[in-house]
There are 4 protein chains.
Amino acid sequence: MASATFTGVIPPVMTPLHEDGSVDLNSLRRLVDHLIDGGVDGLFALGSSGETVFLTREQRKLALSTIIEHTAGRVPVTAGVIETTTARVLELVADALEVGAEGLVATAPFYTRTHDVEIEAHFRDIHAAAPELPLFAYNIPVSVHSNLNPAMLLRLAQDGILSGTKDSSGNDGAIRSLIEARDDAGLKDSFTILTGSETTVDFAYLAGADGVVPGLGNVNPAAYAALAALCKAGKWDEAAALQKQINHLFHIVFVGDSSRMSGSSAGLGGFKTALKHLNIIDSSLLAAPHQPLDDEEIARVNAIVDEFYYTA
Amino acid sequence: MASATFTGVIPPVMTPLHEDGSVDLNSLRRLVDHLIDGGVDGLFALGSSGETVFLTREQRKLALSTIIEHTAGRVPVTAGVIETTTARVLELVADALEVGAEGLVATAPFYTRTHDVEIEAHFRDIHAAAPELPLFAYNIPVSVHSNLNPAMLLRLAQDGILSGTKDSSGNDGAIRSLIEARDDAGLKDSFTILTGSETTVDFAYLAGADGVVPGLGNVNPAAYAALAALCKAGKWDEAAALQKQINHLFHIVFVGDSSRMSGSSAGLGGFKTALKHLNIIDSSLLAAPHQPLDDEEIARVNAIVDEFYYTA
Amino acid sequence: MASATFTGVIPPVMTPLHEDGSVDLNSLRRLVDHLIDGGVDGLFALGSSGETVFLTREQRKLALSTIIEHTAGRVPVTAGVIETTTARVLELVADALEVGAEGLVATAPFYTRTHDVEIEAHFRDIHAAAPELPLFAYNIPVSVHSNLNPAMLLRLAQDGILSGTKDSSGNDGAIRSLIEARDDAGLKDSFTILTGSETTVDFAYLAGADGVVPGLGNVNPAAYAALAALCKAGKWDEAAALQKQINHLFHIVFVGDSSRMSGSSAGLGGFKTALKHLNIIDSSLLAAPHQPLDDEEIARVNAIVDEFYYTA
Amino acid sequence: MASATFTGVIPPVMTPLHEDGSVDLNSLRRLVDHLIDGGVDGLFALGSSGETVFLTREQRKLALSTIIEHTAGRVPVTAGVIETTTARVLELVADALEVGAEGLVATAPFYTRTHDVEIEAHFRDIHAAAPELPLFAYNIPVSVHSNLNPAMLLRLAQDGILSGTKDSSGNDGAIRSLIEARDDAGLKDSFTILTGSETTVDFAYLAGADGVVPGLGNVNPAAYAALAALCKAGKWDEAAALQKQINHLFHIVFVGDSSRMSGSSAGLGGFKTALKHLNIIDSSLLAAPHQPLDDEEIARVNAIVDEFYYTA
């Protein structure tokens, strides 16, 4: 299996929940269909938007296997194996292998203070446990509080350890710099670079990125599929115009009152509220201790969706 | 069971490992004896120094049950239930209850962005799952990247949710401020404040703290027991002199080369190296992806131990 | 005078120094000609790249007056009035007015802890002292350690206090978000948004920005003039290709050894080394306590310039 | 002149202002008398509490000369020479020398990104400009956003460049560690270590510090003089009790509403409000863009002063 499979629009699949906190498999299946029907190129299960760090190991495995089974090969599915340190990640790798994931996505160690040497050893150990699966390094400093070193990434690419990276640093200049260094190193075809930023996909493509992992893509996958198509066709002005529409839709993540909830609650709550409004999932419940949007906020989210939702 | 049990010197018990990464139970039992013989007042299993975020759920449970069984009531044992979010913490609470832990220690949520409202809900849910066990809030911003709000802590104390806090912020002024606010609120007898700072125990006691959770206490428990005794006796000049000796011993955490390893590797590696030198544990191996001290560094750690180790 | 004057390529003019630390006026005049001949649209004197916080008040005034006199109206000149707090900024405003600056650029207060309410008062006081000059807010969190609030910027734009902003946050997504909010507020024609990021100018233009303030533009103004022209013409693929060449030239800022000097020394030292290599300025000396590049580093900078310098 | 002069209680003298923003010399003289009558050991003019970065160069010189003249040798006076970079600091050094300052206090460079090598060069250049005056390094990361390297400090002490440090990091453990390193290096008598933390003076003395630079000492100098005396006498329990009273008085810095003003406004506003309440200064006005306390807040500050003010 080649890592090249994971290019284009690869949304981080959300995890719908029942009111008792268990995974809502029917809603999850509808969401998978919504995404594939929207034209996405792959699915990233158990990412940050999937509330992976809010799920027990059993819940994660259940969500992942459900996504894989229901996708049934229509698009490739990669799995987040996001845990604090190596031994714990390896447990998740075993689960992912067991249920048939076609790729892995891992972060640097977190909670513990870490170091480039340790991060590199971490990725090498993960790859050794599943050498047949493309491994992506997930750069998400807002969560793990370290930044993946570009030189380390390219060294691991050269050594066949990493097949790509998903960069959620929000630093478009740094992503471009990584792309340029990758290309200069002759790794353009062997190391995939995906942006995690919903609002600057055109920037990333213009700089040479291979795709995007947009949380908002759960809500409006067709918008991102269309945006990626415009970018690949070099229709940059049209791409920027569509990106602008998408960015207005993105305002749903800012509706939740920051005096009452985290950015995670507001953001994922905005997404799930929109998905419920669109009749994709049954409940907008987030996992504890996330806090819910109130009725007025839900109404505002719905109004934004009604105004800015893209349909082909 | 009263939270008042957890005062005085309560070291965060390290987790010795075999060369294959499994928990070395015999070394762990010798470490428990070393600590109790050194005069500590309680044990904190599965804390940061115990490499808890490097252990699988099964390893955690095994280490905890071994500590509890081998302690056999000589001192109380409290258990870290350190996970990213609520549902995952509750799994650890169930494990802790099953093996007989006498207290719980939980952090704020991590990896996810969080909020005071969410942190408070998190602690309330944890307490509800084990209302009979004293629950301590663990303030460790270097790991979870948020700071526990003092007003929230005292509100949770007032409501009987929290029995105390372990503060590893390294901010002695903030700890004193919390102590003053606690005392002003009439919560002196119902909310225990422990410092996690090895090098300023005399400061904490002088300000009215109830004890210390010193990582270095694994190496030299008798030093901390003596220090606490001097503080409680109001022999502050002698306490400061002993603290100074301890602080020179603490230099073992700075020996590991920071160009090659994290502060976690250097710190915990220094502790385990010292414990091996003292013939308490068989191997100084740390869990992956921690990096090891080299021979020259080991020799320097041993020399520091030989010079500054306190014996009564 | 309309703020609309300050759009397009407006490099932050460097301040060449003699070996004794005094301002080298002849080199400065040659630099001004180099910039204007390169096709820039305006000049920003006394910005961060101009080492403004390394210059005494007298040196600043001398550099500014020299730039204005030598420019002689060929392009408009705006002046940084960068000081810790209001009264001190107002002294610089008086100097700028005296020597004929056509615009002002001010940051939030720094050194002191500050607050949105205070930052807003600060800008209002500055505008009141020179109501006839367009005032730009300079967002540079790496230096002042606060971020300018977008809602505040637009409120000040609405009130006629601010004519624009230069954003050196390095956050292209945030700049785009500000542009979108500006346009939604109907302020597109009255509030100018310039990026300070050398390596993502195409991104900024694609999102609707009005121009760029590139430090690297001192070295290669023609490259930025050509880049801006391509962007304005909607030739995005060509723009991205030229941006890529420019970004390779930008590597001159990373040559200085970070074990021996700050990023400021490496960056500004790279620029001045290149300018000396191009025979624009006589000395690459930076103001104290900046540290110099060594001979090997100078050779590497020169080689990068030789390889990637753009000529029309 | 020996740096040993600057030990004990050395408050950072506030700068009273007239309603038009000019320095109120009569109030300043009364403040100087209040401090000396309160038993302080020296005065630190033009520090952060003196709003030095809010004053023009002329205002600074006027305030400094007034303090020196009015002190008339009763206690030694040291002067802050706080500016972004070297050339600008040297201007202030010249001013300080001209009006007879007996010591200098300088920070690391700020606004610019800096580096240990540059900070060290900076202090060496400052000392070279006034080799006869003891030079203190002022560690204030909240303002300059870098931390002074302890090894560098001791190297500069060894070389006779630095006579001491004022540490306002708020990190009591780090101050103790510096004290221990100083003593181990045999520099106890040649390098003075002062804490800038108002609420942990007993901690600092217990660890071996030489004194304190307390902003709150402007309000209640006698409290700090008494506290220092208790510490020097080894009466630690009494010291801690007085420190506790002082810490309740310190609550005046938290009265100003953080939704309306910075911590600087709240803190310095609390101090000036108290000084006006005590009839030491005529106006509590702070320099722009500081925001004022409102009437209700003023009343609360006054009530705290009435309850917790220490008199011998």
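Let me begin where two chains meet: 47 residues from chain D and 47 residues from chain C take part in the contact, contact meaning heavy atoms within 4.5 Å. Before going on, this is a predicted model, where local features need pLDDT of at least 70 and side-chain atom pairs count only at pLDDT 80 or more, while totals for chains, interfaces and linings use all residues. Residues are numbered from 1 along each chain as its sequence is written, chains are lettered from A and ligands numbered from 1 in the order in which they are written, and side-chain values use heavy atoms, leaving out hydrogens and water.

The size of an interface is often given as the accessible area lost when the parts come together. Between chain D and chain C about 3,600 Å² is buried, and carbon and sulfur atoms give 57% of that; the area is taken with a 1.4 Å probe and summed over both parts.

How many salt bridges does the rule find across the interface of chain D and chain C? There are two, where a salt bridge is a side-chain nitrogen of Lys or Arg within 4 Å of a carboxyl oxygen of Asp or Glu. D:Glu83 makes a salt bridge with C:Arg88, with 2.4 Å between the closest N and O atoms.

On the chain D side, α2 (57-71), α3 (86-99), α4 (116-129), α5 (141-144) and α11 (263-277) each supply at least two residues that touch chain C. Helices here are DSSP runs of H or I with at least four residues, strands are runs of E with at least two, and both are numbered from the N terminus. The element that gives the most to this side is α4(D), with five residues.

Chain B and chain C do not touch, and their nearest C-alpha atoms are 12 Å apart. Chain A and chain D have no contact either, their closest C-alpha atoms lying 12 Å apart.

Now the sheet in chain B. Eight strands form an open sheet with parallel pairing, in the order β1-β8-β7-β6-β5-β4-β3-β2; strands pair if DSSP finds at least two bridges between them. β1 (8-9) and β2 (43-45) of chain B are at the edges with a single partner strand each, so one side of each has no neighbour in the sheet. β2(B) runs parallel to β3 (residues 77-80) of chain B, joined by three bridges. There, B:Phe44 stands opposite B:Thr78 in β3(B).

Notes: Buried area is the accessible area (1.4 Å probe) that two parts lose on being put together, summed over both.
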